[in-house]
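Reader: I have not seen this structure before. Please show it, and then I will ask about a few of its parts.

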Amino acid sequence: MRNNKENVNDYPKFAVVGHPNKGKSSIVSSLALDDSVQIGDTPGTTQIKRGFPLKVDGKIIYELFDTPGFQRARRVLAWLNEQDAVSADKRSDVVREFVATHRHDDKFRDEIELLEPILDGAGIIYVVDASKPYGPEYEVEMEILRWCGQPSMAILNLIGDEDYRDQWKSALGHYFRMVRTFNPIEATFRDHMDLLESMAQLKEEWTKEIKVAITILDELHQQKVEQTIDAIVDNMIKTLSLVYKQEIKGEKATSKEEEDAKQGYRQQIMEYEKAQEKAIEFIWNHRSIEKIENVLVLDEVGLFSKESASIFGLSQNELILTGASAGAITGAGVDLMLAGHTLFIASLVGGVVGGVGAMFGFNNLYSLEILGQNLGKRELSIGPMKNLNFPYILLGRALYHASVIAKRSHALRESIKLEDEEFYTEQIINTEMRKKLEKVHIQLRKGEGPSNELLDEYKKVISRSFLGLLRE
Ligand SMILES: Nc1nc2c(ncn2[C@@H]2O[C@H](COP(=O)(O)OP(=O)(O)OP(=O)(O)O)[C@@H](O)[C@H]2O)c(=O)[nH]1
Ligand SMILES: [Mg+2]
């Protein structure tokens, strides 16, 4: 009986099939935006079929079946050919009979797994590695697929550096109406949508639904971008306005208490950043990313070296100007601020240079105060951060992380490296953009909340920068 309450049966389904180790699972992973699909270098990674539905707002828009590769294609085809000659429209029944007859035969386990979703109505996506030469052994597989009588297309995946696509195209053209190149590792959002356009042509009944899916995915992508910007802006505000308080026992803070408070402050900033990254990974459906060094240690000398006096093109002169307009730095403070690159790192590295921070006026960077003298309870208060470069460091890290995540194919299993010095020195925020951002930073440094109007402008600037990075 049809279930018309949910779209249980009606969404398009595709079985991704082919020889072992040709990138079938990688294609499923990238098209289903699902990083839980098992991918591996050894043939036979996928042992059983599994459906990966792509859900948007709880509704399935299409489903991809990951399947094991053909193992005994020749014997299957021999069996099919041994049956009494049947007309083309009955051939899928013969395949069905093959599956029924051999269901418990371990020899054909892989073939049965891969044929089942097709016999249940899935369209066929046949995957080949076109960086290897074509060979007639693939014809047996394609012939079996032809017996299934389902709409089908071939995908040329280039796993290695060679390119035998022309050979493959002439051969595949005999078996498939459509042959497309798709690289699951490097595929961009656009490539994904283009492939869907092709898939929409496979079966008339699915055309409309896949076109709708494309629209839904476009909107979803837009939504993800907006959510990402929100996450970044929220974190900027939270971090830049952070005031960390810690109770002290005596009249004055001991150096240990001061160190603890600084440590607590740093820790909080790092935790905020980690939470932001998690939130952004979640937005983009990356659930199990491994990251190499991801903590806001700010101890990479290269990042703040004198050679790169600017971050985001912030020249020393501009730094002074920004400082003056911020009203935060005066007189001797300017020198202090310019030394800030190294000083800031020094103060964050802790241990070794704990004293250096104090010597050069740690207070000027963090504003370390003792509060509540009269209440019998004394607190050390650190923040908001006064260092003028800090917002740009924070923003640079956030934009870099977010753009890597947003562009990342779900088929990629490599861990990501988040330390890319090059990135920070790039002009991803120009002077005009920076002026707008600075209006908000100034207020946050003063411990004030920015107006909605300023905040809107702030979001727009960050959004422009992020969209630029996505296009790169
Ligand atoms: N560089 C590169 N590597 C790829 C590409 N597609 C797949 N691979 C790699 O090729 C190997 C096999 O990929 P899978 O997606 O597991 O292949 P499969 O066809 O599902 O393999 P089985 O399940 O064993 O049949 C993995 O190491 C992938 O990372 C690609 O387009 N480029
Ligand atoms: Mg696989």
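Reader: How far does helix 16 reach from its first C-alpha to its last?

Author: This is a predicted model. Helix 16 covers residues 390–407, which is 18 residues. At 1.5 Å a residue the expected span is 26 Å, and the helix comes close to that. From first C-alpha to last it reaches 26 Å.

Reader: How many of the residues of helix 16 are buried?

Author: Buried means under 20% relative accessible area. Helix 16 is mostly covered, and of its 18 residues the number buried is 16.

Reader: Which residues are the protein donors of the magnesium ion (ligand 2)?

Author: Both donors lie 2.0 Å from the magnesium ion. One is in helix 1 (residues 24–31) and the other in the loop between helix 1 and strand 2 (50–56), so the pair ties together parts 21 residues apart in sequence. The donor atoms are OG of Ser25 and OG1 of Thr46.

Reader: Is Thr46 buried or exposed?

Author: The cut-off for buried is under 20% relative accessible area. Thr46 has a value of 14%. Ser25 has 8% and is buried; Thr46, too, is buried.

Reader: What share of the area that ligand 1 exposes when taken alone does the protein bury?

Author: Ligand 1 is surrounded by 22 residues, with Lys24, Ser25, Ser26, Gly44 and Asn157 the closest. An oxygen atom of ligand 1 lies 2.8 Å from an N or O atom in the side chain of Thr46, and one is 2.8 Å from a polar backbone atom of Thr45. Taken alone, ligand 1 exposes 650 Å², and the share of this that the protein buries is 85%.

Key. Residues are numbered from 1 along each chain as its sequence is written. Chains are lettered from A and ligands numbered from 1 in the order in which they are written. This is a predicted model: local features need pLDDT of at least 70, side-chain atom pairs count only at pLDDT 80 or more; totals for chains, interfaces and linings use all residues. Side-chain values use heavy atoms; hydrogens and water are left out. Donors are N, O and S atoms within 2.8 Å of the metal (3.2 Å for Na, K and Ca); water is not among the atoms, so sites may look incomplete. Helices (H or I, at least four residues) and strands (E, at least two) are DSSP runs, numbered from the N terminus. Buried means under 20% relative accessible area, exposed over 50%, partly exposed in between (1.4 Å probe, protein chains only). The expected span of a helix is 1.5 Å times one less than its number of residues. A residue is near a molecule or strand if one of its heavy atoms lies within 4 Å of it. A polar contact is a pair of N or O atoms within 3.5 Å; within protein, one must be able to donate a hydrogen and the other to accept it, and residues adjacent in sequence count only if both atoms are side-chain atoms. Accessible areas come from the Shrake-Rupley method with a 1.4 Å probe; for residues, only the protein chains shown count as cover.
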